[in-house]
Structure formats: structure tokens, C-alpha cells
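Here is a short tour of a protein model, written for someone who likes to know the cut-offs. Take a look at the structure first, and then read on.

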Amino acid sequence: MIILSFLFLLTATLYSSVGFGGGSTYLALLLIWDVPYLIFPIIALFCNIIVVSGNCFNYIKAGNINFKVLTPYLISSIPFAFIGGSLSIDKNFFEILLFIILTLEGFRIGRASC
């Protein structure tokens with residue numbers, strides 16, 4: 001668990017340095033470490049909230065947030081996040097879906113950096 005904690009800290013540090021939360025990486029780490037599947041959402045959400053809150057504080061302090069542009073995204077994303085979080089899916093389907101999404105994002109990011 002010490003290694004997993006270190007990897008979570010590393011993930012949070014790297015993702016927060018570019019303004020992201022790292023939720024998909026937390027999920028992948030929990031899956032690799034064979035943590036009970038039912039607590040995945042709780043751990044990933046908690047870590048995401050901490051990291052993103054720090055980012056939001058820094059952006060607000062620097063004056064980089066336009067609340068007129070942000071408001072429609074918040075109004076739509078919060079209910080949809082709740083709906084998505086309340087869906088119950090099979091662990092095998094989750095693993096396949098997570099693998100596909102992370103693979104596609106890896107290719108997308110790799111192509112964008114070239």
C-alpha cells in the first residue's frame with residue numbers, strides 16, 4: 001500500500017501541474033493493485049476533488065477563470081456526473097471500457113505532441 005500511496009501522490013502532482021485531476025489513472029492504479037471494486041468511485045472522486053480544488057483555487061487567484069463561460073459547463077456537468085456515478089456496471093465491462101478509453105487517449109495525446 002505504500003507504493004500505491006506514492007503512485008497516487010505522483011499522479012496527483014503530475015496531473016495537477018497541467019491542470020487535470022487524474023481520475024482515470026487513479027482507477028487504473030486501483031485496478032492493478034486489486035483494490036475492492038466497489039470502493040473505486042469513492043477513492044477516485046475524493047482524490048479528484050482534492051487535486052482539482054487546488055487547481056481551481058490557483059486559477060481563481062491568478063484571475064484565469066471566466067465564470068460567464070464556466071457556468072453552462074458546471075450546470076450541465078454536475079447532474080451528468082451524478083447520473084454517471086450512480087450507474088452500476090459489471091467489473092469486467094468496466095475493465096474493458098477503462099482499457100479502451102486509456103488506450104485511445106494515449107494515442108490521441110501521443111499524436112498531439114508530435
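## Surface and model

The protein chain has an accessible surface of about 8700 Å², and 75% of this belongs to carbon and sulfur atoms; such areas come from the Shrake-Rupley method with a 1.4 Å probe, and for residues only the protein chains shown count as cover.

This is a predicted model, where local features need pLDDT of at least 70, side-chain atom pairs count only at pLDDT 80 or more, and totals for chains, interfaces and linings use all residues. Residues are numbered from 1 along each chain as its sequence is written, and side-chain values use heavy atoms, with hydrogens and water left out. The mean pLDDT of the protein chain is 88, with 99% of its residues at 70 or more (pLDDT is the predictor's confidence in each residue, from 0 to 100).

## Fold

You will find five helices and zero strands in the protein chain (DSSP runs numbered from the N terminus: H or I with at least four residues for helices, E with at least two for strands).

## Core

Of the 114 residues, 18% count as buried (under 20% relative accessible area; exposed is over 50%, partly exposed in between, with a 1.4 Å probe and protein chains only). The largest nonpolar core has 15 residues, and Phe40 is among those with the most contacts inside it; such a core is a set of buried Ala, Val, Leu, Ile, Met, Phe, Trp, Tyr and Cys residues joined through side-chain atoms within 4.5 Å. Its largest share, five residues, comes from H2.

Beyond its neighbours within four places in sequence, Phe40 is in contact (heavy atoms within 4.5 Å) with Leu27, Leu30, Leu31, Val35 and Phe94.
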